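Q: Hi! Could you walk me through this model while I have it open?
A: Happy to, let's take a look together.

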Amino acid sequence: MAEKQSIFGRIAQLTKANINALLDSAEDPQKMLDQMVRDYTNSIADAESAIAETIGNLRLLEQDHQQDVEAASEWGTKALAASRKADEYRQAGNAADADKFDNLAKIALQRQIGAENEAKQAEPQLASQTKVVEQLKNGLNGMKAKLEQLKTKRSELVARAKTAEAQRKVADAVGSIDIMDPTSDLSRYEDKIRREEAKVLGQQELAASSLDAQFNDLEDLGELTEVEARLAALKGGGSASPAIESSGPEYTPNADHS
């Protein structure tokens with residue numbers, strides 16, 4: 001009985017437990033929830049066994065009570081039958097048999113009274129046991145509901161922990177590619193591209209300078225070619241000046257104009 005009282009006490013204690021308050025004070029809430037789930041599961045198993053035994057005892061009491069009620073009814077029926085038989089014998093003038101059946105009726109009535117007394121004595125105990133069983137059933141249902149709440153809390157906590165870990169990893173990944181960070185891989189890659197672009201601009205500028213120099217060389221070559229041509233004309237008895245084209249008639253010295 002002491003063991004049952006201990007189990008029933010645990011039912012009340014666990015059912016009244018404030019999960020949120022316990023979690024707030026726990027150093028490791030997830031471990032605490034795991035332990036509480038184990039405790040509740042074990043306590044529920046113990047409680048179910050104890051409650052099943054209590055219900056079994058109640059059903060035995062109910063059966064005994066029903067048997068007493070039925071026995072009282074049967075003895076009452078027998079008493080009535082014996083009394084009627086005694087009346088028949090007495091009306092027939094058979095006093096001996098009438099007394100005999102009256103005595104049987106009295107015995108039946110005594111047994112009826114005994115059965116009724118036993119039934120009445122069992123009724124308070126039946127009422128008390130019935131009330132206890134109902135309370136235990138409600139407590140057990142409360143524990144099962146609390147267990148589901150614990151499991152939900154644990155699942156929620158695990159999910160939140162996984163989400164926090166995923167967010168931390170994302171934050172770390174984002175931080176590693178911060179474009180404003182000169183030490184990041186992206187920044188270094190951008191700097192490399194800028195240097196390549198600058199190199200191409202330098203090459204283009206260098207190529208443009210070389211092309212200008214070539215055109216300058218061509219202009220210088222044209223001037224030298226003209227000088228050479230005039231020099232050749234002088235040596236050939238010609239004029240060093242370029243020929244001047246005229247749109248009028250050609251002038252001939254010592255020509256007769258009459």
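**A buried methionine and its surroundings**

A: Let's start with M143: this is a predicted model, and in it M143 has a relative accessible area of 0%, so M143 counts as buried, the cut-off being under 20%.

Q: Nice. Where does M143 sit?
A: M143 is part of helix α4.

Q: And which residues make up the largest nonpolar core?
A: That core has 12 residues in all: L33, M36, V37, Y40, I44, A47, I51, L136, L140, M143, L147 and L150.

Q: Which elements give two or more residues to this core?
A: Those are α3, spanning 29-91, and α4, spanning 95-176. Helix α3 provides the largest share, seven residues.

Q: How far apart are M143 and Y40?
A: In sequence they are 103 residues apart, while their C-alpha atoms are 7.2 Å apart in space.

Q: Switching topic: how many aromatic pairs does the structure hold?
A: The structure holds one. The partners are Y89 and F101, with ring centres 5.5 Å apart and planes at 20°, so the pair is stacked.

Q: Which parts does that pair tie together?
A: Y89 lies in helix α3 and F101 in helix α4, so the pair links parts that are 12 residues apart in sequence.

Q: Is Y89 buried, partly exposed or exposed?
A: Y89 is partly exposed, with a relative accessible area of 26%.

Q: One more: what sits over the ring of W75?
A: That's the charged end of K78, 4.5 Å from the centre of the W75 ring.

Methods. Residues are numbered from 1 along each chain as its sequence is written. This is a predicted model: local features need pLDDT of at least 70, side-chain atom pairs count only at pLDDT 80 or more; totals for chains, interfaces and linings use all residues. Side-chain values use heavy atoms; hydrogens and water are left out. A nonpolar core is a set of buried Ala, Val, Leu, Ile, Met, Phe, Trp, Tyr and Cys residues joined through side-chain atoms within 4.5 Å. Buried means under 20% relative accessible area, exposed over 50%, partly exposed in between (1.4 Å probe, protein chains only). Helices (H or I, at least four residues) and strands (E, at least two) are DSSP runs, numbered from the N terminus. Rings of Phe, Tyr and Trp (its six-membered ring) pair if their centres lie within 6.5 Å; planes under 30 degrees apart count as stacked, over 60 as edge-to-face and the rest as tilted. A charge sits over a ring if NZ of Lys or CZ of Arg is within 6 Å of the ring centre and within 35 degrees of the ring normal.
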